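Colleague: Could you take me through this model, one point at a time, as I am new to it?

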Amino acid sequence: VVAAVTLQARPDTTICLGDPVQLNAQSDGLNYTWTAAPASSFSNPNIINPVATSNNVFTRYTVVATIGSCSATDFTDVLAIPYPSSDAGNGPVLCYNTSGQLNASIVGSSFNWSPITYLDNPNSLNPIVTPPRTTQYILTVYDTLGCPKPGRDTVVVQVQPKIKAYAGEDTTVVVGQPLLFNGSGGVGYLWSPATGLSNTGIYNPIAVYGSGIDSVEYKLIV
């Protein structure tokens with residue numbers, strides 16, 4: 001026989017918005033019932049230490065402990081702070097050995113990039129980046145509002161492979177006979193000069209030369 005039910009819920013706390021919170025209480029009760037306002041979900045509302053999950057900014061969790069027909073009530077207030085906001089922006093597509101700029105934005109008090117290699121200024125939200133290959137950069141943001149966990153976002157900087165232009169080997173051709181070119185190394189081609197060529201904008205133009213042409217040196221841009 002006890003004079004009353006003793007009950008003390010856990011202290012008020014602050015969590016990150018959307019994270020679960022471990023509830024608890026000190027009590028000699030035999031049965032427990034947890035409720036929440038606004039409504040939340042519980043792993044089990046009828047134990048002393050359930051895990052609660054809510055998307056509310058503020059929630060009051062109330063617990064009732066009972067021994068027979070005697071009961072005691074207490075509550076815990078939980079304040080949920082949104083995660084710091086991290087937006088790393090859209091990743092540029094770069095040609096080999098060229099630079100691009102990142103354009104990020106945050107809602108928070110501090111941030112860092114990872115990795116910091118090939119960034120001209122890792123302390124900037126808009127650094128110039130010159131990676132030698134496709135690289136993934138992670139923007140991590142922190143704040144001081146009460147959510148101790150960082151917010152993260154990822155941007156991928158795509159680097160196209162180094163272009164290796166190939167115009168073909170030097171060759172000899174009979175006057176008036178067609179010669180098939182076979183350039184390679186990319187997706188767009190430009191031959192110059194246009195002398196004798198059927199098309200200067202494809203990788204495999206056909207050339208025919210008259211007797212007035214002794215030799216031609218062609219440049220291929222890929």
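Modeller: One term first: buried means under 20% relative accessible area, exposed means over 50%, and partly exposed lies in between, with a 1.4 Å probe and protein chains only. This is a predicted model, in which local features need pLDDT of at least 70 and side-chain atom pairs count only at pLDDT 80 or more, while totals for chains, interfaces and linings use all residues. Residues are numbered from 1 along each chain as its sequence is written, and side-chain values use heavy atoms, with hydrogens and water left out.

Colleague: Is D77 buried or exposed?

Modeller: D77 has a relative accessible area of 12%, and because buried means under 20%, D77 counts as buried.

Colleague: Which residue forms a salt bridge with D77?

Modeller: A salt bridge is a side-chain nitrogen of Lys or Arg within 4 Å of a carboxyl oxygen of Asp or Glu, and here the closest N and O atoms are 2.7 Å apart. D77 lies in strand β9 (residues 70-81) and its partner in strand β8 (residues 58-67), so the pair ties together parts that are 17 residues apart in sequence; strands are DSSP runs (E, at least two residues), numbered from the N terminus. The partner is partly exposed, at 32% relative accessibility, and it is R60.

Colleague: Which side chain meets D19 in a salt bridge?

Modeller: The N to O distance in this salt bridge is 2.8 Å. The pair links distant parts of the chain, 130 residues apart, with D19 in the loop between β2 (13-16) and β3 (21-22) and its partner in the loop between β16 and β17 (151-159).

Colleague: Which strands are the edge strands of the open sheet of 4 strands?

Modeller: Two strands pair if DSSP finds at least two bridges between them, and the order of this sheet is β11-β17-β16-β14, with mixed pairing. Within it, β14 runs antiparallel to β16 (residues 135-142), joined by 5 bridges, and S114 has I138 in β16 as its bridge partner. The strands that each pair on one side only are β11 (93-94) and β14 (110-114).

Colleague: How many residues line the largest pocket?

Modeller: On a 1 Å grid over the protein atoms alone, a pocket is an open set of points where a 1.4 Å probe fits, with protein on both sides within 12 Å along at least five of seven lines, and lining residues have an atom within 4 Å of a point. T171, L179, F181, V216 and Y218 lie nearest the centre of the largest pocket, and the number of residues lining it is 20.
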